[in-house]
Amino acid sequence: QARLVESGGGLVQPGGSLRISCAFSGRSLDYYALGWFRQVPGKEREGVSCISSGRGDTKYYQDSVKGRFTISRDNNENTVSLQMHSLKPEDTAVYYCAAKDRALITSVQAMCDPSRNTYDFWGQGTQVTVSS
């Protein structure tokens with residue numbers, strides 16, 4: 001059965017860096033657009049960054065993470081990663097990865113809005129805490 005599994009979360013000081021990854025098992029990642037989302041208690045889940053299928057030529061970033069976060073995918077390893085720099089306390093959240101069939105994508109930016117999409121697969125989430 002296909003599934004996504006996140007790893008790499010943890011505690012980091014403000015200004016620090018962290019890399020979280022998501023491994024896809026059970027089928028090829030190549031045909032899916034992928035995204036990273038985050039959620040804090042009492043708030044809606046929000047899209048952080050998304051990447052197109054295949055080579056990942058198109059990327060979208062939420063304004064608050066532009067210039068600090070980088071999304072990447074490795075179809076050979078069946079993984080998607082989020083490199084995070086200059087972390088802030090407001091980045092603290094549970095981070096989830098998700099996959100959506102490329103045939104159902106209108107744009108990578110649109111795909112990154114969880115209030116307007118359903119996704120084929122979700123990971124279980126990994127906690128990222130930014131605190132001194």
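1. The link of C50 and C112 is right-handed, with 90° about the S-S bond. The two residues form a disulfide with sulfur atoms 2.2 Å apart. C50 lies in strand β5, and C112 lies in the loop between α1 (108–111) and β10 (121–122), so the pair ties together parts that are 62 residues apart in sequence. Both C50 and C112 are buried. Bear in mind throughout that this is a predicted model.

2. A search of the whole structure gives 2 disulfides. The other pair to look at is C22 and C97, which form a disulfide with their sulfur atoms 1.9 Å apart. This link of C22 and C97 is right-handed too, with 45° about the S-S bond. Since C22 sits in strand β3 and C97 in strand β9, the pair ties together parts that are 75 residues apart in sequence.

3. Are C22 and C97 buried or exposed? C22 has 1% relative accessibility and therefore counts as buried, the cut-off being under 20% relative accessible area. C97 is buried as well, with a relative accessible area of 1%.

4. With the bonded cysteines of the protein numbered in sequence order, the pairing reads 1-3, 2-4.

5. An open sheet is formed by 4 strands in the order β1-β3-β8-β7, with antiparallel pairing. β1 (3–7) and β7 stand at the edges and have a single partner strand each, so one side of each is left without a neighbour in the sheet. From one strand to the next, the twist averages 15°.

6. Within that sheet, β3 and β8 run antiparallel and are joined by 6 bridges. L18 has M84 in β8 as its bridge partner.

7. Which members of the largest nonpolar core touch the most other members? They are W36, F69, L82, M84 and Y95, out of 28 residues in this core. Strands that each supply at least two residues of the core are β3 (18–25), β4 (32–39), β5 (46–51), β7 (69–74), β8 (79–84), β9 (93–101) and β11 (126–130). Apart from this core lies another, of 8 residues, which includes F37, V108, C112 and Y119.

8. Leaving aside residues up to four places away in sequence, F69 touches R38, V48, Y61, L82, Q83, M84, H85, L87, D91 and Y95. Among these contacts, L82, M84 and Y95 are also listed with F69 as core residues that touch the most other members.

Key:
Residues are numbered from 1 along each chain as its sequence is written. This is a predicted model: local features need pLDDT of at least 70, side-chain atom pairs count only at pLDDT 80 or more; totals for chains, interfaces and linings use all residues. Side-chain values use heavy atoms; hydrogens and water are left out. A nonpolar core is a set of buried Ala, Val, Leu, Ile, Met, Phe, Trp, Tyr and Cys residues joined through side-chain atoms within 4.5 Å. Buried means under 20% relative accessible area, exposed over 50%, partly exposed in between (1.4 Å probe, protein chains only). Contact means heavy atoms within 4.5 Å. A disulfide is a pair of cysteine sulfur atoms within 2.5 Å. Two strands pair if DSSP finds at least two bridges between them. Axes are lines fitted to C-alpha atoms, for helices over the stretch in contact, and angles run from 0 to 180 degrees between N-to-C directions.
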